Amino acid sequence: MPDAADLSLLQGTLDVLVLKTLAWGPRHGYGVARWIAETTGDELRIEEGALYTALHRMERRGWVESEWGLSDTGRRARFYQLTSAGRQQLKEQTQRWTRYASAVARVLQTA
Amino acid sequence: MALIPGIRRVFRLDRAVRRAEQDVDDEIAFHFAETVDRLVASGYSPERARAEAERRFGDVERYRAELGALGGAERRAARRAAWWEGVAQDLRQAARVLRRQPGFATAVALTFALGIGANATMFGLVDRLVLRPPAHVAAPEELREIGQWVTFGTDTFMTTGASYPTISDLRELVPELTHIAGHGEREMSLGRGAGARRVRAGIVTGDFFALLGTRPVIGRLLQPADDRRDAGDPAVVLGHGFWRRELGGDPDVIGRTLRIDRGVYTVVGVAPEGFTGLERAPADVWLPAVPVALSAGEPGLVDSYGWLHFTAVGRLRSGVAEQAATERATMALRAIARQPDAMGDSTTVAALRSVLPRDSISESADAKVALLLGGVSLLVLLIACANVANLLLARALRRRREIAVRLALGVGRGRLVRQLVAESVLLAALGGVAALAVVYWGGTLLRALLWADAAWEGSPVDGRVLAFTAVATLVTGLLAGLLPALQASRPALSAALKLGARDGGGRQSRTRAALLVTQAALSVVLLVGTGLFTRSLVAVGNERLGYDVGNVLVGNMNLRGVGYDGARIEALHADIAERVRALPGVAGVAVAASLPFRSSYATYFRIPGRDSLPEVDDGGPYVNAVSPDFLATVGTRVLRGRGFSEADRAGSQRVMIVNQSMAKLFWPDGDALGACVKVAADSIPCATVVGIVENARRQRIEENTSLQYMVPLGQHVSYLRDRVLFVRPAHGADRATLAAAVRRTMQTAAPDLPFADVYPMADLLDRQMRPWRMGAALFGAFGALALVLAAVGLYGVIAYSVSQRTHELGVRLALGARQGQVRALVLRQGVLLAATGTALGVALAWTLAPRVSELLFRTSPRDPAVFAGVAAMLLVVAVAACILPAWRASRVDPAVALRAE
C-alpha cells in the first residue's frame with residue numbers, strides 16, 4: 001500500500017500521466033489504468049480510485065471530455081478524450097516535469 | 001426539420017444530468033468487471049480476484065462519495081450551463097422565427113415600446129416626486145419636521161411655520177432631537193442694474209448643514225459661527241448647479257463676493273451635485289439667517305416670535321421613541337407660546353413629520369397626481385400586454401400542428417413553454433430599447449409643458465429609470481407570453497394532429513374576447529377622462545376673466561428688498577412707465593398696486609347713510625389703486641359711466657370705479673353711479689362712483705363675484721406701497737423681445753436696481769391651469785394609446801376569426817348568401833364585442849367620474865355629451881377595425897373554401 005507521502009507526490013504527476021495516456025487516443029478509465037501499468041512495467045502503484053477522481057476533476061476543468069460507449073468486451077463504458085485545452089495542459093506540464101526532473105538529476109549527479 | 005438537432009442535444013444533456021449518480025456506479029462496476037475478468041483469466045479464483053480488485057482500487061466507498069460530489073458539482077454546473085444554453089438557443093430560435101414575420105414583430109415591439117415607455121416615464125416622475133430621499137443627507141429617515149396641529153373648522157392639519165427664536169428655544173427644550181435647525185426660501189436679486197438676476201436663496205440657521213451631515217464639494221458649508229451678529233464677512237454657500245451655470249464651475253470661487261439684495265456675501269463653499277436641502281428643487285445659494293436679517297433691515301426675521309419664515313427640523317436621537325420626542329416638543333411649544341407674538345397657546349399639540357417625500361404624499365398635490373398617472377400608465381401597459389397576449393395566442397393557435405409534433409417528439413412542456421415565452425421576451429426587449437426613446441422625449445415634454453416651475457436636474461433617463469425599464473421589460477415579456485404559451489402547449493394532440501381541425505376551442509376564443517372587452521372598457525374610461533378635462537380647458541379658455549391675460553405683460557420688482565420706501569417706489573414706477581411707453585412695440589402701459597391672482601388689499605369702506613353692508617364669503621370689498629390707462633391696458637371693459645383719466649389725480653375731486661358685483665350688491669335698486677363712498681378713513685372726503693366695470697378675477701379662476709373697486713393712483717390710500725407694471729404690446733409685436741426690453745428698462749431706470757421679473761400675465765394662471773392641462777394632455781395621450789391598442793386588438797381577433805370560419809363562410813356563400821350579408825355578419829361580431837366593452841366602460845366611467853368633479857371647471861362629471869361622444873368614437877373605430885376582415889370574408893371563393901378542408 002503506498003503510504004501517505006507517496007500519494008501526495010503522485011497527485012500532480014497523476015494528472016500528467018493520465019493526460020499523456022489519453023494523448024494516444026480515447027480510452028475508458030480501466031484502459032488508462034492498464035496502459036499506465038503496462039508502460040511503467042507495474043513500477044508505479046496507483047490507487048485506481050484516485051485515477052477516476054483525477055479523470056473527473058480534469059473533466060470539470062475542461063481538459064478532457066467524456067462520452068458513454070461500448071467497450072471491446074461489449075460492456076457499456078465511459079470513454080475519455082483530450083480536449084484542446086487538455087493538450088495544452090499536457091504540453092505545459094510535460095515541460096515543467098522535464099525541467100524539474102533534469103534539475104534534480106543535475107543536483108544528484110554532482111555527488 | 002430544423003428542430004431535430006436541437007431536440008437530440010436536449011435529450012443527451014437531460015439524460016446525462018439525470019443519471020449522473022447512476023453513471024458513477026456504472027463506471028466503477030465496469031472497472032471491477034474488467035479487472036476481475038483479467039485476474040480470473042490469469043489464474044485467480046473469482047473470490048480472490050474480487051478481493052484483489054478491491055484492494056487495487058482503494059476505499060471504494062470513499063471514492064464513490066468523492067466522485068459523487070464531483071459529479072454533483074459537475075451536474076449542477078452542467079445543468080446551469082445547459083439552462084443558459086437552452087435560453088440562448090430559445091432566443092436565437094425566437095429571433096429566427098420573428099425575422100420571418102417582420103410586420104407582426106414590429107407591431108408587437110411598438111406596442112410594448114409605448115406601454116413600457118409610458119410606465120418608465122411615469123416612474124421617473126414618481127421617483128423624483130415621491131420615492132427619492134433628499135440627496136446628500138445622512139440618514140434622512142431620522143429627520144423630523146417640527147410643527148403644530150391646527151384645527152380650522154372641521155379640518156385638522158399640520159402647519160410647519162416656525163420663527164427663528166422658536167427654533168432656538170426648541171433647541172434647548174427638546175433634547176430628544178439633536179441639531180434642531182430651520183430652513184426657509186426666498187427669491188432675491190443677485191447684482192444690480194442691467195445685469196441683475198433672480199436667485200432662489202435658502203435661508204438657514206447656523207446648524208442646518210450639521211443637521212443634514214452634508215459634505216461640501218469645495219470649501220466649507222455654513223456653521224453656527226456664520227449665523228451671528230458679529231459674524232464678520234457674511235458667508236454664502238453656492239448650490240452646485242448655480243456654481244456651474246453662473247460661475248463656470250470655477251474651482252477658485254472661494255473668497256469671491258456676491259451682491260444679493262442689500263447684502264454683500266463672501267463665498268465659502270459649494271454644495272455637492274444634486275443637493276437640494278430638504279426641498280424638491282435646489283436653491284441657488286444658501287445664506288445664514290442673521291446676516292440676511294441685518295442687511296435687509298428686517299430684524300424681525302430673527303427676533304420676532306411672530307415671523308414664521310422657517311421650517312423647524314431636528315434629528316431623532318437614536319434609541320429615543322418618537323412619542324417621547326413629540327410629548328417634549330408639545331411641552332416646549334406651550335412654553336414658547338407665552339412669548340409675545342408667538343403662535344399657539346396652552347393647548348397646542350406638537351406634530352413631528354418625516355422629511356421623506358413618500359411619507360408625506362397626502363400633503364403634496366403633485367405627488368398625488370403623479371401617483372394617479374402612474375396608476376393610469378400601468379393600466380395602459382396591462383392593456384398593451386393583453387393585446388399582445390391576444391396576438392400571440394392567435395399566432396400560437398396557427399402553429400398548433402408544429403407544436404403538437406414537437407410535443408409528440410418528447411420536448412418537455414416546460415421547455416416548449418420556455419421557447420414560446422422567449423419570443424415574447426425578445427419582442428419585449430426590442431420594445432424596451434425603443435421605450436428608452438419614449439422615456440427621453442416623454443419625460444422632457446412632461447417637464448417642459450406641465451412642471452416648468454420646478455427645477456429638474458439630470459436627464460429623464462437615469463440609472464433608476466433604466467433599471468425600472470429593464471425589469472418592466474422582462475415582466476411584460478413574461479406576462480404577455482406566458483398565458484398564450486401555456487394555452488398553446490396543452491397536449492390536445494389527437495385533435496390538433498388531425499387535418500381539418502377547427503378553432504382550438506371555445507376556451508381560447510372566450511379568453512380573447514374577454515381580453516378585448518376589457519381593453520375597450522379601459523379605453524372608454526381614459527377617453528371619458530380626456531373629454532372631461534378638455535371641456536374644462538375649453539371652458540376656461542372661453543371664460544371672460546376680466547383681463548386680457550393672453551396679451552398683457554407684467555413687470556414686478558422687489559424694491560423693498562433694496563430699501564425703497566413707498567414714495568420712492570411710486571416715483572420710480574411713474575418714471576419707468578414713461579420710459580416703457582417710449583419703447584417700440586408698446587401699445588399701452590399702466591401701473592397698479594395689486595397683482596391679480598397674487599395680491600389684493602382691503603381698507604376701511606363705508607357708504608354714508610347705511611348702517612351695515614351685505615357681506616359675502618369672499619370678503620372684501622377689495623381696493624386697487626391704478627393709473628389712468630389701466631383699464632384700457634389690461635382689457636377690462638367699462639360697462640357704464642367712464643374710466644379714469646389724467647384729470648383724476650391728487651387734489652382733484654375724489655372718484656372711484658366699482659365692479660358689477662359690487663354695484664348690484666350695494667346698490668341693488670338704485671344707481672351706483674354718483675354714489676359717494678368713504679374710503680380709507682372717515683376724515684377723507686368721500687369718493688364719487690364714476691364708472692362700473694365688468695367683473696375681473698381676483699385670485700382664482702373659479703370665482704366670479706369678488707367685490708372690487710378702484711381709485712386713481714394719485715388719490716390712493718397711503719399703505720398700498722407696492723407697484724406692478726402692466727404692458728400691452730402693439731399688434732404684431734414680438735412679446736419675447738419686448739419683455740427683455742422692458743426688463744432692461746426697469747433695471748436701469750435708476751442706479752442699483754434689483755432684478756425685475758417680466759412675464760406674460762397668463763403665467764399667473766399656470767399653477768391653477770395645471771390640473772386641467774395635465775388631465776387633458778395625459779388622459780388624452782393614454783386614451784389615444786389605449787384606443788389604438790384596442791383597435792389593433794379587435795382587428796386581430798376578427799381577422800383570425802374570419803380565417804377560422806373560411807369553411808363556414810364558403811358554405812354560406814355557396815348556399816346563396818349575398819356578399820353584403822356576409823360582411824354584415826362579420827361586422828356584427830366585431831361591433832358586438834366593442835359594444836360590450838363600451839357599455840362596461842361607460843358604466844365604470846359613470847361610477848368613477850364624480851371623484852374628479854372638483855378638478856373640473858364648469859363641466860359636469862357626467863356630461864352626457866362627453867359620454868355619448870366617446871361611445872360613438874369607440875363604435876366608429878370598431879367598425880373601421882373590422883372593415884378589412886369583413887371585406888375579405890365576403891370575397892371568399894366558396895369553391896376554394898369548400899375544397900380546402
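This is a predicted model: local features need pLDDT of at least 70, side-chain atom pairs count only at pLDDT 80 or more; totals for chains, interfaces and linings use all residues.

User: Ok, and which side chain does A:Arg75 meet in a salt bridge?
Analyst: That's B:Asp37, at 3.1 Å from N to O. B:Asp37 sits in helix α2 of chain B and A:Arg75 in the loop between β2 and β3 of chain A, so the pair joins two chains. B:Asp37 is partly exposed too, at 40%.

User: How many salt bridges are there over all chains?
Analyst: The structure holds 49. One of them is between B:Arg64 and B:Asp25, with the closest N and O atoms 2.4 Å apart. B:Arg64 is in helix α4 and B:Asp25 in helix α2 of chain B, so this pair ties together parts 39 residues apart in sequence.

User: Switching topic: what's the strand order in the open sheet of chain A?
Analyst: β1-β3-β2, three strands with antiparallel pairing. β1 and β2 are at the edges with a single partner strand each, so one side of each has no neighbour in the sheet.

User: And which residue is the bridge partner of A:His28?
Analyst: A:Phe79, in β3(A).

User: Last one: which residues gather in the positive surface patch?
Analyst: A:Arg60, B:Arg76, B:Arg79 and B:Arg80. Helix α4 of chain B gives the most, with three residues, while A:Arg60 belongs to helix α3 of chain A.

Terms used. Residues are numbered from 1 along each chain as its sequence is written. Chains are lettered from A and ligands numbered from 1 in the order in which they are written. Side-chain values use heavy atoms; hydrogens and water are left out. Patches are made of residues with over 30% relative accessible area and no salt bridge: like charges are joined within 9 Å, nonpolar side chains (Val, Leu, Ile, Met, Phe, Trp, Tyr) within 5 Å. Accessible areas come from the Shrake-Rupley method with a 1.4 Å probe; for residues, only the protein chains shown count as cover. A salt bridge is a side-chain nitrogen of Lys or Arg within 4 Å of a carboxyl oxygen of Asp or Glu. Lys and Arg count as positive and Asp and Glu as negative; His and the chain ends are not counted. The place of a charge is taken as NZ of Lys, CZ of Arg, CG of Asp or CD of Glu. Helices (H or I, at least four residues) and strands (E, at least two) are DSSP runs, numbered from the N terminus. Two strands pair if DSSP finds at least two bridges between them. Buried means under 20% relative accessible area, exposed over 50%, partly exposed in between (1.4 Å probe, protein chains only).
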